[in-house]
Amino acid sequence: METQELKGPIHRLGHWIVDRFVNLPRWVRLPLWRYWHAKMINWDTEYDGVRFMNYGYAPIDAPDLVLEPEDRTEPYGAHLYHVAVSHVPVADKEILEVSSGRGGGASYIARYLQPRRYVGLDISDKNVEACERIYGELTNVEFVQGEAERLPFPEDAFDHVVSVEASRAYGDVMQFFAEVRRVLRPEGTFLLTDMRWYPDMEALKAQIREAGFAIESEVDIAPNVVRALERDNERKVELIQRRVPKMFLSAFSEFAGTIGSDRYRAFADGRMNYFSWNLRPA
Ligand SMILES: C[S@@+](CC[C@H](N)C(=O)[O-])C[C@H]1O[C@@H](n2cnc3c(N)ncnc32)[C@H](O)[C@@H]1O
């Protein structure tokens, strides 16, 4: 597929919105975020086919993840989750995922890695409704609507808490970390996989420590994210062109990190960092 060059005032506006969104005040950001996700579901009439909302992970000098035929449309989204939980054994554990989105990660982990119980929480009721409809037959998975900063669970409820590509949008990351500590069992692990602009990454690591977590391991996955964006570009561009209204095309291409977007270049040139962490209560 041709590299898609994104230019012009509309693209610049889209770029600005995607870039500045996380800095807007919480009272503006939360309704906008809900609106954006509700819209995305409505635009995507083939919703059932899109189960991941992340940039993905592609192996470099290593084999692809082995997936059943029905899971092969979005292998990079699934691989990102595989990496996110690969730090610890998950079979027979009780796991909470904060910001489970369209449930692709929950479904992958529940079916392939067999936790005893997997709870996917998301702020968007549309996402939760769709997940309940699509994955209702999985006996070890449930979905709940809720906020990362106010987890609706008692203390010491989970062996692991997973969060993939979501904490950047939260109003108060320290409050989210405090909630994760509260619901995690003392021997539990917090499996955080996320991105930040280069100058903000050190601040995030400082916040992780300040919140009382020790960094047991840290993997820089930005090169794998770039590889995934390249390998998945054709599918994403085709989907965006078919489903997204014209006036949102540029903003959406930027959001999706298609080749030619600044987001894609930022991962490639190190301005945007992406790590997978295994964190333990210190
Ligand atoms: C980029 S998507 C990632 C979804 C999923 N983790 C994945 O990788 O496919 C971010 C998700 O975070 C959710 N989200 C945003 N703010 C949230 C909050 N404060 N509490 C819970 N979920 C939130 C959104 O609804 C969305 O589903």
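Trainee: What is the hand of the crossing of α3 and α4?

Mentor: The crossing of α3 and α4 is right-handed. Bear in mind that this is a predicted model.

Trainee: How is such a pair described in general?

Mentor: For two packed helices, one gives the angle between the axes and the distance between the axes. Here, α3 (residues 75-85) packs with α4 at about 60 degrees, and the axes are 9 Å apart. Therefore α3 is oblique to α4, since the range for roughly perpendicular begins at 65 degrees.

Trainee: Which residues of α3 and α4 meet?

Mentor: From α3 come Gly 77, Ala 78, Tyr 81 and Val 85; from α4 come Gly 104, Gly 105, Tyr 108 and Ile 109. By class, this contact of α3 with α4 holds 5 nonpolar, 3 polar and no charged residues.

Trainee: At what angle do α8 and α11 cross?

Mentor: Helix α8 (residues 222-231) and helix α11 (residues 262-269) cross at roughly 145 degrees, and their axes come within 8 Å. The crossing of α8 past α11 is left-handed. Ala 222, Val 225, Val 226 and Leu 229 in α8 meet Tyr 264, Phe 267 and Ala 268 in α11. The residues of this contact are 7 nonpolar, with no polar and no charged ones.

Trainee: Now the sheet. In what order do the strands lie?

Mentor: Read across the open sheet of 7 strands, the order is β3-β2-β1-β4-β5-β7-β6, and the pairing is mixed. At the edges are β3 (141-145) and β6 (213-220), each of which pairs on one side only. From one strand to the next, the twist averages 20 degrees.

Trainee: In which sense do β5 and β7 pair?

Mentor: Strand β5 (residues 184-197) pairs with β7 (residues 272-281) in the antiparallel sense, over 8 bridges. Arg 196 stands opposite Asn 273 in β7.

Trainee: Last, how many residues surround the ligand?

Mentor: There are 23, and the closest are Asn 54, Ser 99, Gly 101, Ile 123 and Ala 148. The elements that give two or more residues to this shell are α2 (26-43) and α4 (104-112). By class, the shell has 10 nonpolar, 9 polar and 4 charged residues.

Notes: Residues numbered from 1 in each chain as written. Predicted model: local features only at pLDDT ≥ 70, side-chain atom pairs only at ≥ 80, totals over all residues. Near = placed C-beta within 6 Å. Helix = DSSP H or I, 4+ residues; strand = E, 2+ residues; numbered from the N terminus. Nonpolar A, V, L, I, M, F, W, Y, C, P; charged D, E, K, R; others polar. Pairing = 2+ DSSP bridges. Axes fitted to C-alpha atoms, helices over the stretch in contact; angles between N-to-C directions. Parallel < 35°, antiparallel > 145°, perpendicular 65-115°, else oblique. Left-handed = near helix turned anticlockwise from the far one by under 90°. Contact = placed C-beta atoms within 7 Å.
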